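Thanks for coming. I'll go through one model this morning, element by element, and then take a few single residues.

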Amino acid sequence: MPYKDPNTAPCGMKQVSSRRSCSTPSRRWIMAALCLLLLTTATLPAWAEGRLPAWYETTTHLNMRSGPSVRSTSQFIMAPGTRVLVIGHPQDQWAEVVYGGDTLYCATRYLQYAAPYAVKKVAKHRYSRYSLWGFVRQLLLTCVVLYVLRWVVIWGLSVASTLVYKVYWVACIPFYFLNWLQRYAAKPWRWYFKVNAGRTDAENRRLRKQLAFAQIPFYILLTPLRWFNAVYYNLFIHCSLEFINYALEVVDPSHPKEGADDTLRWFLLLPWRILKYPLWHGTLTLVESGVWTLVDTLVPALTLYHGTDCMASESITQSRGRVGNNSRYTGIWNVGGGNYAGNGIYFAPDRSTALHYASGSLVVCRVTLGRVLDLGIAPRRIYSECGFPNALNVTRWGLDHDYVTGEWWREDAGWWEYCMYDWQNRYNYSWRIRPLYVLSLSDDMLQRTPGGMHHWLFRRMVIEDLWTWFVHLMNSKRTY
């Protein structure tokens, strides 16, 4: 048989090489499409106009330019892997991006897709806040917040009044000493002449003249100390503690007409109470305290204590008519019983002495003593009346000789007392006695004065009292 090449195709068939060509028409088109796809992927990010904006990341150090051109200024170079927000591509080779709040341009081929940009959809409310219903909702919400805040503030002020007094009690120790120093340094001979014994009336008369002149140099030397004490007690203590009363009137009014126990009236009158108490009366308190600071520097005044009950202390310090209290006993000092050193209003330089007379409250006052009669060097018959009830002749003799206050050493108890002489209620409205604050002894905290304390400076009686005192001083003949 003839030899047949195994690679020879049978008769009638075309010989095909064992290595089949890969470049058939169908495969050539597929390869061309893949190459085109790869080329497009390498040069342009995979985006479509409808997919923007979207997040992209830089693939290299990339210039961020002010415009879509290489001639535009480069603002900065962005590090690889930095994410930017692409918002458009004005040209295929340039992308418009947002970064750091600025709109910049960079080369498209150095960006790769990172994530879609999620636009937060804001829920549309049926009612706008500017609509009537929106206004009502805001008003109701504000009322609820204010109502809750009211009780929080009331509780907070109650705690604050306790803490403030505790802090004040510690902080006032050096000022208590300075007040004591002012009192004793003004008359260093006080202890030596405290008892009227072994001297004739003529000797006492001569002593009163000599000691009156001896006080002049001490008055001059103690002027800085008087100013310092006046600033502390009038501006710092009185103003700060009085503003607690005003704040309480705003959040917890005392009078029904201003919103006490009436929620609706409380809300409606809240702006009025803010205007009335902290703004108006607070301003008057600041002005008044500034005036008294000047007065106390020129006319010696001391911080003294007056013991009484809670109702009396509230009546003394409260302003008549401010929160509906129109009693004729409101805002005045009333002479009590006893009067062992004359008819008048009694004060003690020591807290412990005032506590002996107190039955619930302690009124701390700045008292302008004026011309003081030392009962230890008074006429013998006047001194002998002290220690017995209703020593009216002591008051009469003191006022006839232009003495405003009597200073008495009570031998049986071992303490000093001051009696602000009062004859026919002359000094009930006196500007000489000005409360700083009231202490409740039952719980050892500041006692509230409804509506705040009276402004002792702004009343007609003050001007009348000053004018009467000046005229009487000019026209009278003093007898020692």
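**Helices, a sheet and some single residues**

In helix α4, the residues Asn204, Leu207, Arg208 and Leu211 are buried. Keep in mind throughout that this is a predicted model. What do the buried residues of α4 pack against? Their partners are β11, residues 372–374, and helix α11. As for length, α4 covers 201–221, and its 21 residues should span 30 Å at 1.5 Å a residue. The end C-alpha atoms are 31 Å apart, so the model agrees with that expectation.

Next, helix α7, residues 270–298. The same kind of check can be run here: 29 residues at 1.5 Å each should give 42 Å, and the end C-alpha atoms lie 41 Å apart, which agrees. Where does α7 bend? The bend is at glycine 282, by about 30 degrees.

Is histidine 281 buried or exposed? Its relative accessibility is 10%, so it counts as buried. Leaving out residues up to four places away in sequence, histidine 281 touches Tyr246, Lys276, Arg322 and His455. With histidine 455 there is also a polar contact, side chain to side chain, at 3.1 Å. Glycine 452 is 171 residues from histidine 281 in sequence, yet the two C-alpha atoms are 8.3 Å apart in space.

Now the sheet. It is open, has four strands in the order β8-β10-β14-β15, and the pairing is antiparallel. Why is one side of β8 and of β15 left without a neighbour in the sheet? Strands β8, residues 301–308, and β15, residues 445–446, stand at the edges with a single partner strand each, so one side of each has no neighbour there. Helix α5, residues 223–251, packs on this sheet and touches β8, β10, β14 and β15. The direction of α5 makes about 55 degrees with that of β14.

Looking at the β14 and β15 pair in detail, β14 runs over residues 433–440, and two bridges join it to β15 in antiparallel fashion.

What does the side chain of serine 440 contact at 3.2 Å? The answer is the side chain of serine 442, in a polar contact. Setting aside residues up to four places away in sequence, serine 440 touches Gly360, Met445 and Gln447.

Last, two backbone angles. Most residues other than glycine have a negative phi. Asparagine 339 has a phi near 55 degrees, a positive value in a residue that is not glycine. Asparagine 339 sits in the loop between α8, residues 310–317, and β9, residues 344–347. With a relative accessible area of 5%, asparagine 339 is buried.

The other case is aspartate 402, where phi is near 65 degrees, again positive in a residue other than glycine. Which loop holds aspartate 402? It is the loop between α11, residues 392–400, and β12, residues 405–410. Aspartate 402 is buried too, with a relative accessible area of 11%.

That is the end of the tour, and I'm happy to go back to any of it.

Methods. Residues are numbered from 1 along each chain as its sequence is written. This is a predicted model: local features need pLDDT of at least 70, side-chain atom pairs count only at pLDDT 80 or more; totals for chains, interfaces and linings use all residues. Side-chain values use heavy atoms; hydrogens and water are left out. Two strands pair if DSSP finds at least two bridges between them. Contact means heavy atoms within 4.5 Å. Axes are lines fitted to C-alpha atoms, for helices over the stretch in contact, and angles run from 0 to 180 degrees between N-to-C directions. A polar contact is a pair of N or O atoms within 3.5 Å; within protein, one must be able to donate a hydrogen and the other to accept it, and residues adjacent in sequence count only if both atoms are side-chain atoms. Buried means under 20% relative accessible area, exposed over 50%, partly exposed in between (1.4 Å probe, protein chains only). The expected span of a helix is 1.5 Å times one less than its number of residues. The bend at a residue is the angle between axes fitted to the seven residues ending there and the seven starting there.
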